[in-house]
Amino acid sequence: IERHAELFAFMLQLPIRSRFGEVMPFTLQNVSVIVMGHVVITISEHEHPILTTLEQSFTELMDGNATHLLLHLFEHTIGRYLLAIDEINRTIATVEAQIENAISNQHIFDLLNHNKSYGAFIRALKHNGRVFKDLAAKRLLLSDHKTDAMLQDVVLANLQTQKKVEIYHANLRNLMDAYSAAIENNLSLAVQYLTIFV
């Protein structure tokens, strides 16, 4: 978090669906946030659904309080990670069913690409978690009992999401190892049959 007199700024990493043709299903988008009093400025290279949603409901959320808007941004960010995780898990379940019927190298690469998204999510959630904790520790946001509690909920929800991704990441890695071993086993059997045939 950068701080200059009345102004402070930080960067969040938001999950976003990859563009057509990219192998990873999800990637990350950096969003810089500048806060000066009741003014909140977000800077992003591309549009993001979270920012669009907040912009549309800006008047309802603002209440003249930048803290409320930022807390909504944090909650939407964590929610977007959870949605992305659920979508990846559904895709993995589909790929897993396909692999059971016909094990091929392409399926392993599909799982690997999804695992890359998990790895990126873990790094981004750790980064966002440090930002949330710094905001809470340095008390940069307008503070009362309710907003303090909400910020602590955001910190906890981010940590739980991070732990969830780490578990899925480890499980998917184990699954990939198991399927790689199955491919090697099939290859070994094929070589044995060819050797007997020759």
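Begin by selecting helix α1, residues 49-56, where I50, L51 and L54 are buried. If you look down the axis of α1, these buried residues fall within an arc of 95°, so they line one face of the helix. An α-helix has 3.6 residues a turn, so residues three or four places apart point the same way. Now turn to the other side of α1, where E55 and Q56 are exposed. Bear in mind throughout that this is a predicted model.

Next, select T147, which has its place in helix α5, residues 145-197. Is T147 buried or exposed? Its relative accessibility is 4%, and because buried means under 20%, T147 counts as buried. To see what surrounds this residue, display T67, H68, L71 and L142, which T147 touches when residues up to four places away in sequence are not counted.

The last stop concerns the aromatic rings, for which the count comes to 6 pairs. Select F8 and F10 to view one of them: the ring centres are 6.3 Å apart and the planes stand at 20°, so the pair is stacked, the cut-off for stacking being under 30 degrees. Both partners can then be checked for burial, since F8 is buried with a relative accessible area of 6%, and F10 is likewise buried, with a relative accessible area of 5%.

Definitions and conventions
Residues are numbered from 1 along each chain as its sequence is written. This is a predicted model: local features need pLDDT of at least 70, side-chain atom pairs count only at pLDDT 80 or more; totals for chains, interfaces and linings use all residues. Side-chain values use heavy atoms; hydrogens and water are left out. Buried means under 20% relative accessible area, exposed over 50%, partly exposed in between (1.4 Å probe, protein chains only). Helices (H or I, at least four residues) and strands (E, at least two) are DSSP runs, numbered from the N terminus. The arc is that of the directions from the helix axis to the C-beta atoms. Contact means heavy atoms within 4.5 Å. Rings of Phe, Tyr and Trp (its six-membered ring) pair if their centres lie within 6.5 Å; planes under 30 degrees apart count as stacked, over 60 as edge-to-face and the rest as tilted.
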